[in-house]
Amino acid sequence: MSNKKQVSDEIRVRITYYRKKKGLTQNDVADAIGMARSTYSYYESKAVHIPEEFLNSVAKVLEISPNTFNVDVKYDNTYSFINLEESKSEYKNENNKLTDKESLLVALFRSLPDEHKDQYINSLIKECNKHFNSD
């Protein structure tokens, strides 16, 4: 990927998302990895270069795979914010059946012409990113 700032922006969004999902503050994570809160805050909010050791330490505290911070370009050069492999198992209910709303979403998606499916996925990813970035 060519734009290092875009990659680091995406990584910082993921760090913030998973930290909040776990119910932790920046201070909680900084303490757990033995780092000053100001340094941790810099990596989470401003840094363009985020060291791999930092990401590994944060992943351990957040109990997620360090691979969660790998950024892949997806549809139309947007970035997949949600770890899709993790989500596949996380969002299935115990019977591995879709909820009514999930079934409706799949049915609507399947009804789209193939040439519009990528555009729809791209729009959905952007909306999800807006939602997760608003917290």
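Tyr120 is partly exposed, with a relative accessible area of 30% (buried means under 20%, exposed over 50%, partly exposed in between; 1.4 Å probe, protein chains only). The model is a predicted one, in which local features need pLDDT of at least 70 and side-chain atom pairs count only at pLDDT 80 or more, while totals for chains, interfaces and linings use all residues. Residues are numbered from 1 along each chain as its sequence is written, and side-chain values use heavy atoms, with hydrogens and water left out.

Tyr120 lies in helix H7, residues 114-133 (helices are DSSP runs of H or I with at least four residues, numbered from the N terminus). Together with Leu105 and Leu124, Tyr120 makes a nonpolar surface patch of about 230 Å². Patches are made of residues with over 30% relative accessible area and no salt bridge, nonpolar side chains (Val, Leu, Ile, Met, Phe, Trp, Tyr) being joined within 5 Å; a salt bridge is a side-chain nitrogen of Lys or Arg within 4 Å of a carboxyl oxygen of Asp or Glu. Accessible areas come from the Shrake-Rupley method with a 1.4 Å probe.

Four aromatic pairs are found in a search of the whole structure (rings of Phe, Tyr and Trp, the last by its six-membered ring, pair if their centres lie within 6.5 Å; planes under 30 degrees apart count as stacked, over 60 as edge-to-face and the rest as tilted). Tyr17 and Tyr18 form an edge-to-face pair, at 4.7 Å centre to centre and 80° between the planes. Tyr17 counts as buried at 14% relative accessibility, and Tyr18 is buried at 4%. The ring centres of Tyr40 and Phe54 are 5.6 Å apart with the planes at 50°, so this pair is tilted. The pair links distant parts of the chain, with Tyr40 in helix H3 and Phe54 in helix H4, 14 residues apart. Tyr40 is buried, with a relative accessible area of 0%, and Phe54 is buried with 4%. Ring pairs link Tyr40, Tyr42, Tyr43 and Phe54 into a cluster.

In helix H2 (residues 26-33), the buried residues are Gln26, Val29 and Ala30. Seen down the axis of H2, these buried residues fall within an arc of 100°, so they line one face of the helix (the arc is that of the directions from the helix axis to the C-beta atoms). An α-helix has 3.6 residues a turn, so residues three or four places apart point the same way. The face of H2 turned away from its buried side carries the exposed residues Asp31 and Ala32. The cover of the buried residues of H2 includes helices H1 (4-21), H3 (37-45) and H4 (52-62), where contact means heavy atoms within 4.5 Å. Just after H2, Gly34 takes a positive phi of about 70°.

Notes. Helix = DSSP H or I, 4+ residues; strand = E, 2+ residues; numbered from the N terminus. Patch = residues over 30% accessible without salt bridge, like charges linked within 9 Å, V, L, I, M, F, W, Y side chains within 5 Å.
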